[in-house]
Amino acid sequence: MGRSILSLLMLALANAAVAAPDRSRQNYIQFCAGCHQLDGSGSPGVGIPDMRAQLGYFLNSPGGRAFLVQVPGSANSPLSNAELALLLNWMLTTFSPAQIPASFVPYSESEVRQLRAQVPAAVDELRRQVTADLQRQGFPVN
Ligand code: HEC
């Protein structure tokens, strides 16, 4: 009796680990939407970029891919590396699915850990370099 309850409990725990729910939408609402708006439209007039039909372009440049992790709102959030990886993957597929290159490999916990550990001093300068590079490649990034 006691043993079967224990094995049921262990089975339940194992399933919970496999099917850990993706809390990205809730994390976005809690930590990002206050500035970026629920639909990702931001407030361009006060410097909060519209991420809709834009975010995916950044994946076409290694610096752009790094930038999405290293921008202060991402890097300085209270989210773990694993949570931030899932959140960025969710934001990309939610706000900018058509701009994601076919070769896209989702962010992983270890990639986010590395990028967060080497944030450049001038992230805004990184964005300027990245957008200039993307525009040269022909991507209509704002
Ligand atoms: C206090 C307001 C604020 C919050 C909260 C915020 N951001 Fe931002 N975010 C900005 C601003 C302003 C920019 C423009 C770049 C900059 O100045 O940092 C930006 C830019 C970005 C960009 C780059 C978009 C682009 O086109 O340059 C990403 C990605 C991003 N934020 C992700 C996040 C994530 C993820 C969260 C939540 C975990 C978050 N931000 C929370 C204000 C915010």
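A quick definition before we start: on a 1 Å grid over the protein atoms alone, a pocket is an open set of points where a 1.4 Å probe fits, with protein on both sides within 12 Å along at least five of seven lines, and lining residues have an atom within 4 Å of a point. Grid points are joined across faces, edges and corners, and a volume is the space filled by probe spheres set on the points. The model is predicted, so local features need pLDDT of at least 70 and side-chain atom pairs pLDDT 80 or more, while totals for chains, interfaces and linings use all residues. Residues are numbered from 1 along each chain as its sequence is written, and side-chain values use heavy atoms, with hydrogens and water left out.

**Exercise 1.** Work out the volume of the largest pocket and what lines it.

*Solution.* Start with the volume, which is about 570 Å³. Next, take the 30 lining residues: His36, Pro49, Met51, Val71 and Ser74 are the closest to the centre. Then sort by element (helices are DSSP runs of H or I, at least four residues, numbered from the N terminus): H3, H4, H5, H6 and helix H8 (123–136) each give two or more residues. H6 gives the most, with four.

**Exercise 2.** Where does the ligand sit, and which residues come nearest?

*Solution.* The ligand sits in the largest pocket, meaning that more than half of its atoms lie within 2 Å of the grid points. Around the ligand are 18 residues (a heavy atom within 4 Å), and Cys32, Cys35, His36, Phe67 and Arg127 come nearest. H5 supplies the largest share of this shell, three residues.
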